[in-house]
Amino acid sequence: MPKASAAPSPWAGVELHVVTGKGGTGKTTVAAALAMALAAEGGRTLLVEVEGRGGIAQLFDTPPLPYAETRIAVAPNGGEVYALPIDPEEALLEYLEMFYKLGRAGRGLRRLGFVDFVTTIAPGLRDVLLTGKAYEAVGPRRGGRQEYDAVVMDAPPTGRIGKFLNINTEVAGLAKGGPVHNQAESIMRLLRSPRTAVHFVTVLEEMPVQETLDGITEIKAIGLPVGSVLVNMVRSPALPPAALEAARAGTLDRASIGAALRKVGVAAEDPLLDALLAEAAEHAERVALETTERADLVATGHPVLELPSLVEGIDLSALYDLAALLRAQGVRRADEPTAGRTA
């Protein structure tokens, strides 16, 4: 796997890690591995799910998770990972109780279908509720004690992340005062502070990389802090550099390849050789494209971390492996000592 960039670590001081990425890049897997990495060495992290797809339960091989903070894994050396799949309806009822003390009346509104009606006709309200729950998890709670060392949000895809995170700015502008305005202002102060980092998950392909670059530009434009780029499913080149250049130029030694095949008992007939040379050329083109895409990501100036493609699929053991690779590339929680950190 190619070496990650040695840019300064984005992790110091960050408590809320927002993870976004184009569909198909493994965003939820990376968010889960990040939560595991941040919990290592005795930490305590909360993995927040906002899209209602149940992806976290599937990754950790658990039954469907309730709307409650539930421990789902033990990290290396005594850490703990908790998960919270946010239910917008439940969050709205909590919101109504917190600011308007509706109590049983709020539950009655749910029975009448009001809650579902409101979150359907006002999709922006749904995003306010989701970001609000993440805000609560990061802030001091339960007698003034902070419950988690880090909160990781498996956020919406890159194409929607700007509007999702900036919705409270719009709400604060509409509500000129009162608890709604104050809550929205508080959330945006957190999101724009050094305590938050928005991380982008991508793969080394043209469309996901371009969407990542566009997303970084958008997030910066609305004043939110960009953390790092997490390149997922990286494949190591199957040929050394010189052979890659020759394959791409069509100058591989056909006779030598045929002789090598015969030594291992493979008949080096022309159709087989042609197929192998064509596959080598295609592989070389892919490696060249990935090199270009990687350079574009590094040029953003944000740290680029890489995770390999796992041919055997993703399970809990694989998440531990990915978390270890993130740790090796400098991932640490805000309050963790930096001694021995590697770039």
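**Figure 1. Helices and strands of the predicted model.** The protein has 13 helices and eight strands; helices (H or I, at least four residues) and strands (E, at least two) are DSSP runs, numbered from the N terminus. This is a predicted model, in which local features need pLDDT of at least 70 and side-chain atom pairs count only at pLDDT 80 or more, while totals for chains, interfaces and linings use all residues. Residues are numbered from 1 along each chain as its sequence is written, and side-chain values use heavy atoms, with hydrogens and water left out. Of the 343 residues, 48% count as buried, where buried means under 20% relative accessible area, exposed over 50%, and partly exposed in between (1.4 Å probe, protein chains only).

**Figure 2. The salt bridge of Arg195 and Glu15.** A salt bridge is a side-chain nitrogen of Lys or Arg within 4 Å of a carboxyl oxygen of Asp or Glu. By this rule the protein has 15 salt bridges. In one of them the side chains of Arg195 and Glu15 meet at 2.9 Å, N to O. Arg195 lies in the loop between α8 (178–191) and β6 (196–202) and Glu15 in the segment before β1 (16–21), so the pair ties together parts that are 180 residues apart in sequence. Arg195 is partly exposed, at 31% relative accessible area, whereas Glu15 is buried, at 15%.

**Figure 3. The salt bridge of Lys27 and Asp154.** The side chains of Lys27 and Asp154 meet at 2.7 Å, N to O. Lys27 belongs to helix α1 (residues 27–39) and Asp154 to strand β5 (residues 150–154), so the pair ties together parts that are 127 residues apart in sequence. Both Lys27 and Asp154 are buried.

Figure 4. Glu290 forms a salt bridge with Arg235, with the closest N and O atoms 3.3 Å apart. This pair links distant parts of the chain, since Glu290 is in helix α12 and Arg235 is in the loop between β7 (226–234) and α10 (241–249), 55 residues apart. Glu290 counts as buried, at 8% relative accessibility, and Arg235 is partly exposed, at 38%. Salt bridges that share partners also join Lys27, Glu51, Arg53 and Asp154 into one network. Arg294 lies in helix α12 (residues 270–298) and is buried, at 17% relative accessibility.
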